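Reader: I have the model open here, could we walk through a few parts of it together?

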Amino acid sequence: MSTSPTATTRRERLAASIARRGFARVADLAREAEVSEVTVRSDLAALEADGRIARVHGGAIPRGPVTERELSVERTRTRLARAKEAIAAEAAARVQPGQSVLLDVGSTTLAVAHALVARRDLDDVVVVTNGLAIALALEPALPRLTVVVTGGTLRSLQHSLVNPLATTLLDGVHADLAIIGATGVHADHGVTNVNLPEAEVKQKMVAAADRVLLVADASKLGVAHLGRVAALDEVDELITDARGGVAASGSSVDDAPRASLAAAGLSITAVTVGAGLG
């Protein structure tokens, strides 16, 4: 049986709404499209079969060009590993005993978790994270650190917890510091992320903290992706590596993006990394 033009148009609109939101609930989509939830579920099944979206409990998330560029944390943690370790050590040095910290998912923030464990002087620190790998990395520091996991829907690539439910806890907390990762930091477009559901959680962390620390190696600078996380003026400090670094393609990255970010008013700390950043 062929699909009617009305159903085709409706499904295109549903796919666009899901892509824009990162996660959309069935009830919200039904209200927007002015159809029943049964019809929406049928449309989502068709879109999933086409590879456009992925259904999760209560709704759907986008799939396609946006998510296809995302790599697993196991793959990204080995890229520019020395730079990430140096950035992480600098970020961990910002944390003081007795503070509360929101720690985002990502390979650089995972390095921050290991650096926090290595800080033997830290005590009475509460770390809230939406990353399962990060929570496990912090476990050796218990009970010096108290680790709180947000809950939510599990994504496999970053072992992250996203909506539905990931931001429920964040709506009820106020932290001293948020340490956020990103896949893009651009002078015009701000802080962005390739994955929309995780970008939504990052936004909540930024809003819930007194101070926001962005950790990103130099290959992320001058790059913009779909998911908006924060404007540059919402970030208190960027910690990156002092060398231009090496992009994923193997090409060198010059200092121009960092200079543009500094000219836009972003406070930047560039850590020195020894030869061989891989």
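Reader: Let's start with β2, how many bridges join β2 to strand β3?
Author: There are 4 bridges between β2 and β3 (residues 59-62), and the two strands run antiparallel; strands here are DSSP E runs of at least two residues and helices are H or I runs of at least four, numbered from the N terminus. This is a predicted model, in which local features need pLDDT of at least 70 and side-chain atom pairs count only at pLDDT 80 or more, while totals for chains, interfaces and linings use all residues. Residues are numbered from 1 along each chain as its sequence is written, and side-chain values use heavy atoms, with hydrogens and water left out.

Reader: And which residue does R55 stand opposite in β3?
Author: R55 faces A60 there.

Reader: What is the strand order in that open sheet?
Author: The 3 strands are ordered β1-β3-β2 with antiparallel pairing, where two strands pair if DSSP finds at least two bridges between them. The edges are β1 (24-25) and β2 (53-56), each of which pairs on one side only.

Reader: Switching to pockets, what volume does the second largest pocket have?
Author: Its volume is about 160 Å³, meaning the space filled by probe spheres set on grid points that are joined across faces, edges and corners. On a 1 Å grid over the protein atoms alone, with a 1.4 Å probe, a pocket is an open set of points with protein on both sides within 12 Å along at least five of seven lines, and lining residues have an atom within 4 Å of a point.

Reader: Which residues line that second largest pocket?
Author: The lining consists of T6, T9, R10, R13, L14, S17, L29, E32 and A33. Two elements, α1 (5-21) and α2 (26-33), each give two or more residues to this lining, and α1 supplies the largest share, with 6 residues.

Reader: Now V173, where does V173 lie, and is V173 buried or partly exposed?
Author: V173 sits in the loop between β8 (160-162) and β9 (175-181), and V173 counts as partly exposed because its relative accessible area is 29%, with buried meaning under 20%, exposed over 50% and partly exposed in between (1.4 Å probe, protein chains only).

Reader: What is V173 in contact with, beyond its neighbours within four places in sequence?
Author: Those partners are L102 and A208, contact meaning heavy atoms within 4.5 Å.

Reader: Last one, is N195 buried or exposed?
Author: N195, in the loop between β11 (190-193) and α9 (196-207), is buried because its relative accessibility is 2%. The N195 side chain also reaches the backbone nitrogen of E198 at 2.8 Å.

Key
Polar contact = N/O pair within 3.5 Å; in protein donor to acceptor, adjacent residues only side chain to side chain.
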